[in-house]
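Please read the report below alongside the sequence and the coordinates.

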Amino acid sequence: MSKVDVVIGCFYGDEGKGKVIDYLATSADVAIRATGGDNAGHTIKVDGVKYAMHLIPSGLLSGHTVGVIGNGVVMNPEVLLTEINNLKEHGFDVDKYLKISDKTQVIFPYHRLLDVALEKARKSKIGTTGKGIGPAYCDKYERCGLRVEDLYADDFKEKLEELVASRLALLKFYDPETDYDSILKFEEVYETYSKYAKELKRYVCDSVTLVHKAVENGQKVLVEGAQATLLDIDFGSYPFVTSSNPTIGGILTGTGLSANEIGNVYGIIKAYSSRVGEGPYVTELFDETGDRIRELGHEYGTTTGRPRRCGWLDLVALKYAKRVNGLTALCVNHLDTIGKFDKIKVCTAYDVNGEVTEDFSTNMKFLSSAKPVYKELDGDFGDIEGIQKFEELPEKAKDYIRFIEDYIGIPVKFIGTGADREAMIVREV
Ligand code: GDP
Ligand code: IMO
Ligand code: MG
């Protein structure tokens with residue numbers, strides 16, 4: 001039996017999970033996505049070509065890794081088919097390597113429409129990606145959502161007709177000004193999804209058996225986390241979160257893997273932090289330093305293009321992510337970006353109404369009162385882009401990494417020194 005490696009985002013997403021997955025996939029037989037949907041955007045730069053993966057596991061880009069869309073995912077077939085065609089155009093043998101769980105939930109047009117209508121109706125916005133993620137998970141937990149296997153069942157038409165009618169009523173309730181009758185027509189949805197079902201059939205599998213057999217046969221399985229710890233529906237800054245569990249529990253329920261099969265749990269962070277969408281963010285910078293991080297790090301959403309909010313690294317939140325996920329090692333991306341600042345701040349504690357603590361809480365009052373306590377470290381690392389050996393980093397850059405390790409108590413195994421696939425330090429730790 002070979003232990004499964006897991007990649008999990010530690011903050012608010014976009015930590016560079018795709019890049020680490022891409023590296024780990026070089027020695028993986030199977031890479032599986034466990035949660036979320038096309039709200040995710042994982043970027044990998046290969047030979048100057050940028051791939052933005054939304055649904056297909058990034059591991060598939062290795063050229064020899066089977067990419068599985070797990071049962072915990074909510075999948076929009078239109079987006080998936082576009083991604084499949086794009087990868088095929090770039091020469092990837094998607095038909096050979098892509099698998100979709102028969103239990104994956106399917107996103108329908110009414111999910112996306114509802115996502116947008118609900119967000120519009122909300123007084124306090126969440127800033128969702130508008131991809132239908134929340135409404136699709138609502139249907140799953142209401143037990144009326146349709147899984148991939150339902151697309152091929154005899155009663156698919158009947159079930160879909162019922163769902164379209166009831167969701168149409170909901171849409172009209174939330175947004176009476178829009179003419180939804182002309183936007184959401186059952187016959188059109190049925191025809192389109194019957195076509196999608198035919199096109200996707202070749203990829204459908206029993207993913208639970210597939211991953212277990214892989215583990216039993218000594219193959220290397222990798223789980224590609226999407227979103228991140230502080231966006232988790234239970235452990236994130238609720239209600240400013242996504243509708244799934246991107247943390248370790250969701251990794252298990254989203255794949256069918258057991259806790260005993262998990263080996264390394266890699267927590268991914270950037271050397272600073274970012275967030276898209278609404279919600280608390282203790283180390284957010286509202287000044288020109290924040291703007292400079294955004295410009296130097298190209299912090300614009302992979303999925304929506306929205307400018308990301310930026311700030312310093314938050315070790316209090318990272319310690320929480322370590323606890324919740326049982327992280328065994330870290331990956332610190334964008335060391336090249338942070339090294340462009342003369343002085344770097346790192347948040348080591350929160351001051352909550354005069355009380356200093358190193359323990360994170362997702363309580364809204366706590367988060368809105370928390371003021372970051374910073375430790376200032378030396379920056380100005382020089383040009384470290386593309387460096388692949390830890391020894392070749394300047395002392396100040398090494399100190400920055402060691403500072404994180406000392407605080408969190410786990411090693412930094414991977415260090416990103418650029419956006420390219422090769423721009424990474426891998427340490428024996
Ligand atoms: P993900 O959602 O966690 O996979 O992250 P995204 O792909 O949404 O955002 C990460 C961004 O940072 C992408 O534009 C990556 O190309 C880029 N990136 C990742 N690691 C590094 C790094 O070490 N240095 C630099 N300069 N860019 C990086
Ligand atoms: P990756 O996998 C960053 C955020 C949205 C919003 C909240 C809820 O690329 O790290 P949703 O559409 O999920 O209902 O939106 O979650 N969000 C992400 N932010 N990266 C992501 O994915 C995200 N997926 C969702 O911006 O604040
Ligand atoms: Mg992303």
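**Basis of the values**

This is a predicted model, in which local features need pLDDT of at least 70 and side-chain atom pairs count only at pLDDT 80 or more, while totals for chains, interfaces and linings use all residues. Residues are numbered from 1 along each chain as its sequence is written, chains are lettered from A and ligands numbered from 1 in the order in which they are written, and side-chain values use heavy atoms, with hydrogens and water left out.

**The sheet**

Helices (H or I, at least four residues) and strands (E, at least two) are taken as DSSP runs and numbered from the N terminus, and two strands are said to pair if DSSP finds at least two bridges between them. On this basis an open sheet of ten strands, with mixed pairing, has the order β9-β7-β5-β2-β10-β1-β11-β15-β19-β20. The edges are formed by β9 (204-205) and β20 (424-426), each of which has a single partner strand, so one side of each is left without a neighbour in the sheet. Strand β5 (residues 66-69) runs parallel to strand β7 (residues 98-101), to which three bridges join it, and Val68 has Lys99 in β7 as its bridge partner. Helix α1 packs on the sheet, where it touches β1, β10, β11, β15 (329-333), β19 (412-416) and β20; contact here means heavy atoms within 4.5 Å. The direction of α1 makes about 165 degrees with that of β1, the axes being lines fitted to C-alpha atoms, for helices over the stretch in contact, with angles that run from 0 to 180 degrees between N-to-C directions.

**Strand β1**

How many residues of strand β1 (residues 4-9) are buried? Six of the six are, so the strand is largely enclosed by the rest of the structure, where buried means under 20% relative accessible area, exposed over 50% and partly exposed in between (1.4 Å probe, protein chains only). In a regular strand the side chains alternate between the two faces of the sheet. Strand β1 pairs in the parallel sense with strand β11 (residues 262-270) over five bridges, and Val4 stands opposite Ile262 in β11. Three bridges join β1 to strand β10 (residues 221-224), again in parallel, with Asp5 opposite Leu222 in β10.

**The magnesium site and the salt bridges**

The magnesium ion (ligand 3) is coordinated by Asp14 (OD) and Gly41 (O) at 2.1 to 2.2 Å. Asp14 lies in the loop between β1 and α1 (17-24) and Gly41 in the loop between β2 (30-33) and β3 (42-46), so the pair ties together parts that are 27 residues apart in sequence. Donors are N, O and S atoms within 2.8 Å of the metal (3.2 Å for Na, K and Ca), and because water is not among the atoms, sites may look incomplete. Asp14 is partly exposed, with a relative accessible area of 21%, whereas Gly41 counts as buried at 10%.

The structure holds 28 salt bridges, each defined as a side-chain nitrogen of Lys or Arg within 4 Å of a carboxyl oxygen of Asp or Glu. Among them are the following.

| Pair | N to O distance |
|---|---|
| Arg308 and Asp14 | 3.0 Å |
| Arg294 and Asp291 | 3.0 Å |
| Glu299 and Arg308 | 2.7 Å |

Salt bridges that share partners join Asp14, Lys270, Glu299 and Arg308 into one network. Arg294 and Asp291 both lie in helix α11, three residues apart, which is about one turn of the helix; Arg294 counts as buried at 15% relative accessibility, and Asp291 as partly exposed at 38%.

**Two single residues**

Leu330, in strand β15, counts as buried at 0% relative accessibility. The C-alpha atoms of Leu330 and Val7 are separated by 9.5 Å, although the two residues are 323 residues apart along the chain. Leaving aside neighbours within four places in sequence, the contacts of Leu330 include Gly267, Leu318, Ile404 and Phe414.

Lys398 is found in helix α15 (residues 395-408) and counts as buried at 10% relative accessibility. Not counting residues up to four places away in sequence, Lys398 touches Phe390, Glu391 and Leu393.
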